[in-house]
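Work through the exercises below with the sequence and the 3D view at hand. Try each task before reading its solution.

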Amino acid sequence: MLRSTEAPLWPDAGTRFPVLVFSHGYGGAPVESAYLLAMTIFAGYGYVVAAPFHTDAAFSDLRNLEGFLDFVYLVTHLEQFTAMQALRPLALSKTLDLVLSDPRWRDRVDATRIGGFGASMGAESLLLMGGAKLTTNVMQDSVPVTFDPRLKAAVGYVPYLGQIGFSAFGRQQRGLDGV
C-alpha cells in the first residue's frame with residue numbers, strides 16, 4: 001500500500017502487470033482487514049490493485065441494507081441513494097484513469113488486462129461499470145450509469161442486488177441483461 005508520494009516497488013525492470021480495481025462494500029473502506037487480506041492475495045498473484053474509498057456516508061444513512069426501516073429510508077430517500085450508487089462506478093473509472101496515466105504506473109501496467117473484484121455494493125458497482133442499468137425510481141425504471149470498456153472481467157462477492165421487492169437493476173433485474 002502506497003501513500004501518494006511513494007514510488008511503487010517493481011520486481012524487475014520491464015514486466016507489465018494486470019490491473020484489478022477493487023470496490024469495497026457499503027459503508028466500508030478498503031483498509032478494513034478482510035479487504036486488505038483480499039487485496040494482498042491479488043497483489044501476490046501479480047495484480048496492481050487499485051481501491052478507491054467510496055464516500056457512501058456522504059449520501060446515505062442506511063445501516064445494514066436489510067431491515068424494514070432501511071427499506072423505508074431507501075424508498076423515501078431514493079434520489080440520494082441512487083446518486084451514491086451511480087457515483088461508485090464513476091469513481092472506479094476515474095481510478096483506472098489515474099493508474100493508467102500516472103507516470104509511476106502507466107508504463108508498468110497492462111491496459112488490456114483490467115479486471116475487477118467487488119464485495120456486496122462493490123460488486124453492484126462493477127456491474128454498473130460494465131453497463132448494467134440502475135433502478136432510478138419507485139416504478140423500477142432503470143438507466144445505464146456508465147460503460148467502461150477497459151474492464152474485461154469482474155467477480156462479485158455476495159453482490160448487492162437490491163431489496164426484497166425493489167431490485168437494484170430495474171424490474172426483475174432486467175438491467176443486467178446487457179452485461
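The exercises go from the whole chain to single residues.

The model is predicted: local features need pLDDT of at least 70, side-chain atom pairs count only at pLDDT 80 or more, and totals for chains, interfaces and linings use all residues. Residues are numbered from 1 along each chain as its sequence is written, and side-chain values use heavy atoms, with hydrogens and water left out.

**Exercise 1. Describe the fold elements and the overall dimensions of the protein chain.**

Step 1: List the elements. Helices (H or I, at least four residues) and strands (E, at least two) are DSSP runs, numbered from the N terminus. The protein chain has 4 helices and 8 strands. Read from the N terminus, their order is β-α-β-α-α-β-α-β-β-β-β-β.

Step 2: Check the dimensions. The radius of gyration is taken over C-alpha atoms, and the globule rule is 2.2 Å times the number of residues to the power 0.38. For 179 residues, a compact globule would have a value near 16 Å; the protein chain has 17 Å, so the two agree. Along the principal axes, the C-alpha atoms fill a box of roughly 55 × 30 × 25 Å.

Step 3: Look at the contacts. Contact means heavy atoms within 4.5 Å. Of the contacts with a separation of 6 or more, 73% join residues 24 or more positions apart.

**Exercise 2. State how much of the protein chain is buried and what its surface is made of.**

Step 1: Apply the cut-offs. Buried means under 20% relative accessible area, exposed over 50%, and partly exposed in between (1.4 Å probe, protein chains only). Buried residues make up 42% of the 179 residues.

Step 2: Take the surface. Accessible areas come from the Shrake-Rupley method with a 1.4 Å probe; for residues, only the protein chains shown count as cover. The protein chain exposes about 9,700 Å², and carbon and sulfur atoms supply 61% of that area.

**Exercise 3. Is Gln163 buried or exposed, and which side chain does its own side chain touch in a polar contact?**

Step 1: Gln163 lies in strand β7. Gln163 is buried because its relative accessible area is 12%.

Step 2: A polar contact is a pair of N or O atoms within 3.5 Å; within protein, one must be able to donate a hydrogen and the other to accept it, and residues adjacent in sequence count only if both atoms are side-chain atoms. The Gln163 side chain makes such a contact with the side chain of Tyr160, at 3.1 Å.
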